[in-house]
Amino acid sequence: MKNNLSDRINNLPVSATLAMAAKARELREQGKDIIGLSLGEPDFNTPEFVKEAAIQAINDNYNSYTPVDGYAELKDAVILKFKRDNNLEYTRDQIVVSTGAKQSIANVAMVLLNKGDECILPAPYWVSYAAIVQLAEGVPVEVRAGVEQNFKITPDQLRAAITPRTKMILFSSPNNPSGSVYSQAELEGLAAVLKDYPEIIVVSDEIYEHINYGSGHASIASVDGMYDRTVTINGVSKAFAMTGWRVGYIGAPAWIARACNKMQGQITSGTNCIAQRAVITALEAPVSKIQYMVDAFHKRRDLILELLSKIDGFVTDIPEGAFYVFPDISSFFGKTIKGHKIENATDFSLLLLEEALVATVTGDAFGAPNCIRLSYAASEDQITEAIKRIEKVLS
């Protein structure tokens, strides 16, 4: 039968992180002992106090459709969180709760971008950003920063990327895949450029906000002059180990929030009722209740950096947030290892999977073709064994 699929889906790339996870599963099914350092998912259980809130919601018979943009009580919890953690003041009409932060980002892209509008993506960027912009018929514009810049773009780079077609800039801090964190001063530097272009909307993905080992988190919406043109994306998947609960949210100018509510009303409607009740409890709790996870990630970061430093050819910086390291491995390009010709990061990532039995993700998927991403959301024993295997293959 003739392929009658739309150009939209035929031109859409497959998520590289999910593709690598699928390939790793396939090898496991063949009996291979694969260590997975590819998925961006905490290896902790959801905290007990959050699970108890979900159980209580079930017992209280929460089972009906929810408001498209979220329960009022959850919106209030989001407002509390933004004020407490980010010094940002929002009202209910500026909050939209969605089925994960990914849907939040997609909503924003769909309601802001027209065909041909450009969206600046500081690279490296999360794998889905470019695809989401593409689905909204926008044009992704990569601005690359390498390991020598700690994977953070400069104001001059930003200014050089802006054209009359620029409608949006989308970035994450702490960053996925690099773990880099923009400081308050660095955000102010980018904002100083953006103030010359008031029509550009800033979309700031802060899903890893609490997984931070440096000088703390800064939100670009708090920079003078940026609040009314910034959409702040957040959620509970990473810091609260709630990836499968699928709850994300935005704080945005009311006109953007209304548009996202309208869009979501025709796609998924409201987010799962039980998950929403649990997230109210999560957001109202003091951040100290999840510090044990952050401390564990910090310890693992130091461990994996120490182990990688012993492998010739890996060039790393010191990531200040999230749970990834993003080494530059371009020194291996042009070499043949274990019969594998290494021309690019994808070849290198496949080498590690097939020979070291360690799943990573190619930097090609993140707009950084010289790097690979390793997640240290795994046990210390797994991390140690994985890097030992990698070192053995490369030696």
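Biologist: What makes C273 count as buried in this model?
Modeller: In this predicted model, C273 has a relative accessible area of 11%, and because the term buried applies to values under 20%, C273 is called buried.

Biologist: Why is C119 called buried?
Modeller: The relative accessible area of C119 is 0%, and since the limit for a buried residue is under 20%, C119 is therefore buried.

Biologist: How many disulfides does the structure hold, and how do you know that C119 is in no disulfide?
Modeller: The structure holds zero disulfides. For C119, the nearest cysteine sulfur belongs to C260 and is 14 Å away, whereas a disulfide requires a pair of cysteine sulfur atoms within 2.5 Å, so C119 is in no disulfide.

Biologist: What makes S204 a buried residue, and where in the fold is S204 found?
Modeller: S204 is found in strand 6, which covers residues 201–205. Its relative accessibility is 2%, and because buried means under 20%, S204 counts as buried.

Biologist: Why is the pairing of the side chains of S204 and E206 called a polar contact?
Modeller: The side chain of S204 makes this contact with the side chain of E206 at 2.7 Å, and since the cut-off for such a pair of N or O atoms is within 3.5 Å, the pair therefore counts as a polar contact. With neighbours within four places in sequence left aside, S204 is in contact with F171, I220, V231, T232 and I233.

Biologist: Which residues line the largest cavity, and what makes that space a cavity and not a pocket?
Modeller: A cavity is a set of grid points where a 1.4 Å probe fits but cannot get out, while a pocket is an open set. The largest cavity has a volume of about 70 Å³, and the structure holds three cavities of 30 Å³ or more. Its lining includes K81, E206, H210, N234, F240 and Y249, and by class that lining has six nonpolar, three polar and three charged residues.

Biologist: How much space lies in the largest pocket, and which residues lie nearest its centre?
Modeller: The largest pocket holds about 550 Å³ of space and is lined by 27 residues, of which G40, K102, W126, K238 and R246 lie nearest its centre. Helix 2 (16–29), helix 5 (101–112) and helix 6 (127–135) each supply at least two residues of this lining, whose classes are 11 nonpolar, 10 polar and six charged residues.

Biologist: Why is L37 called buried, and which residues is L37 in contact with beyond its neighbours in sequence?
Modeller: L37 has a relative accessible area of 0%, and because buried means under 20%, L37 is buried, although it is found in the loop between strand 1 (35–36) and helix 3 (48–59). Leaving aside neighbours within four places in sequence, L37 is in contact with V358, A359, T360, R373, L374, S375, A378 and A386.

Terms used. Residues numbered from 1 in each chain as written. Predicted model: local features only at pLDDT ≥ 70, side-chain atom pairs only at ≥ 80, totals over all residues. Heavy atoms only, no water. Buried < 20%, exposed > 50% of the residue type's maximum accessible area, 1.4 Å probe, protein only. 1 Å grid on protein atoms, 1.4 Å probe; cavity = no way out; pocket = protein on both sides within 12 Å on 5 of 7 lines; lining within 4 Å. Points joined across faces, edges and corners; volume = space filled by probe spheres on them. Nonpolar A, V, L, I, M, F, W, Y, C, P; charged D, E, K, R; others polar. Helix = DSSP H or I, 4+ residues; strand = E, 2+ residues; numbered from the N terminus. Polar contact = N/O pair within 3.5 Å; in protein donor to acceptor, adjacent residues only side chain to side chain. Contact = heavy atoms within 4.5 Å.
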